[in-house]
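Hi,

Here is the structure for your files. My notes on it follow below.

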Amino acid sequence: MKSSLTVTSEEIQAARDAYGDVIAPSLLRRSTPWLLTALVFGYLVWLWIKFGLTLKLFARGASKLGEFVVEMLPPDPGPYAGEFLSATGETLGMAFLGTLFAAIIAYPLAYLGASNVVRNGPTHFVIRRILDIFRGIPALIWALVFVAGFGLGPMAGVLALMMSDFAPLAKLGAEAIENADRKPVEGVTSTGASKLQILRFGMVPQILPVQLSQALYFFESNVRSAAVLGIVGAGGIGYYLSDLSRNNHWDMVAFILILFMVLVYAIDFVSKRLRGLITGERV
Amino acid sequence: MSVLDDLVTAAGPEKARVAISAFDLEHAAYKRRWRMFFVIGTGLFALCFIGAVFIADFSLARLFSGFPQMLSFLDRSLPDLALSKLADSTTTEGSLAYWFYAWPKWLGLLWESTEMAILATALGGGAAFLLSFVAARNIGPNRWVSAFVRRMLEFFRTLPDLIVALVLVQAFGPGAAAGVLAIALHTTGALGKLMSEVHENIDMKPLEGVRASGGNWFHTIRFGAMPQILPNFFSYALLRLEINIAAAAAIGYVGAGGIGQELVIAIENLRFDDALAIITMVIVLIFAIDLTSERIRHRFIGART
């Protein structure tokens, strides 16, 4: 390296030769990002037009929404307050049972799907891919299937939530197990413990709080999902919401929505604190 | 001689006895607390369980009695595929082409659902991107405005998109427009929250630098924060696009366009083999998106860190 701070013209020329494209990028290179952006925007505008999101539609929709809001006030259950309350309870019960059953199925599967527990490569691969397949099927599709099998009602909803949640729960659990601290496991192994004892005393105390907190998190999200399942006839408030909105009973829709929001906020509040208690973190 | 004996000799027997009994007392209290926590927790859980079983009308008897019905439903929806005729044309009963007889139409609707999701993710993502700066605690321009925007995002996030779609279909009329708007609203809530949390974790020093050189709020965001958050933003948006494609496929169920609408028609007309064919196509699409998006996202974050 030279000690002088002045740069000679030969050095500038050398740098220009070596990194010419950086110092003075060609027009094509400079315009590529802009062209790509324009292309993406053009496509989005085309989609916008294709789906008919015109100003006229917005004006019509907004004025109708305004009418609905006026009809929503004051929220009024009419003579059906009891039905709506019990449907809200049904939604909560579906979410609770669905998550519970999913967690019970996911518990052993998480260990089977963890590469540091099941060291056999092909077995691990097969279990993970099966979980992937189940992860791809949304709860609403399961609900359609179970409504056909078990008839209308919350039972189909419970089973749908169970089938759509056990796989993601198992996957998250398996990842937690794979990231677990090795030291307790080694400590228990060094005392000559059996395979099952190593899991029980080296792994489970680390993983159980994580799995519990994940299950609680899924419970929170399932309260929201359970509200939707009723639209296909799987119990809870969804059925009333779809029926009443189709028949423009907006005061009743507003009443149910308020019940639902209160339920969601209450569950989130309780579950957040429980999760904090379990994992020992302040939330 | 044990370690304990060593300690007792070192501290003197009197002091050691006090220390040990204090430990014993504390340990007993801890165990009592834990036992109480366990008993109360189990009790509450059992109560919730019984309540839920009662309310959700769940019974093992119904579970088992439902199985034959379940099987007969499967029988009605599974096509009569014959291995020897599997590759035959649309007109031969038992071929794959016969089962998926309307596949060009279904594929078109599947693409429409995907495009709905793309537009909704772009609209919702754009709104979320703008609102997330206002909602973030550390860079929001005003504390009260931030709190208000955070509550608003929470509200959008809490309402499931299908329920929003129920209302919007009534207001905007049936069709893809209502579906796009419903998903876009939900996306705004979900992405806005995630992004504002990203903002809250960024390095504040570049922002201070821009402010020190005389930049206004807009400049600090554009030159101080943006370079730190853009890779994360695109990664989250892609993840959301993946979720939205599944949502867009379902949202047709309430009349908001896409493949879901075709599914309802098939079910209402008791054409369960059509329904199963459509569901299969949806699942394959979700699966394919899942695989590609994971790869793209990894490349995106990996290329920049």
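**Helix packing and domains**

α9(A) passes α10(A) in a right-handed crossing (right-handed if the near helix is turned clockwise from the far one by less than a right angle, left-handed if anticlockwise). This is a predicted model: local features need pLDDT of at least 70, side-chain atom pairs count only at pLDDT 80 or more, and totals for chains, interfaces and linings use all residues. Residues are numbered from 1 along each chain as its sequence is written, with chains lettered from A and ligands numbered from 1 in the order written.

Helix α9 of chain A spans residues 182-190. Its axis comes within 9 Å of that of α10(A), and the two cross at roughly 155°. So α9(A) is roughly antiparallel to α10(A) (angles over 145 degrees). On the α9(A) side, the contact uses A:P184, A:V185, A:G187, A:V188 and A:T189. They meet residues of α10(A) including A:F201 and A:M203. Contact requires C-beta atoms, placed from the backbone, within 7 Å. By class there are six nonpolar, five polar and no charged residues.

α10(A), residues 195-229, also packs with α12(A), residues 250-279. Their axes come within 9 Å and cross at roughly 175°. α10(A) is therefore roughly antiparallel to α12(A). Among the residues in contact are A:L212, A:L216 and A:R224 of α10(A), with A:L263, A:I267 and A:D268 of α12(A). This contact divides into 13 nonpolar, three polar and four charged residues.

Chain A has domain 1 (9-68) and domain 2 (82-279), with bounds from an automatic or database domain assignment. Their C-alpha centres lie 40 Å apart.

Best wishes

Methods. Axes fitted to C-alpha atoms, helices over the stretch in contact; angles between N-to-C directions. Helix = DSSP H or I, 4+ residues; strand = E, 2+ residues; numbered from the N terminus. Parallel < 35°, antiparallel > 145°, perpendicular 65-115°, else oblique. Contact = placed C-beta atoms within 7 Å. Nonpolar A, V, L, I, M, F, W, Y, C, P; charged D, E, K, R; others polar.
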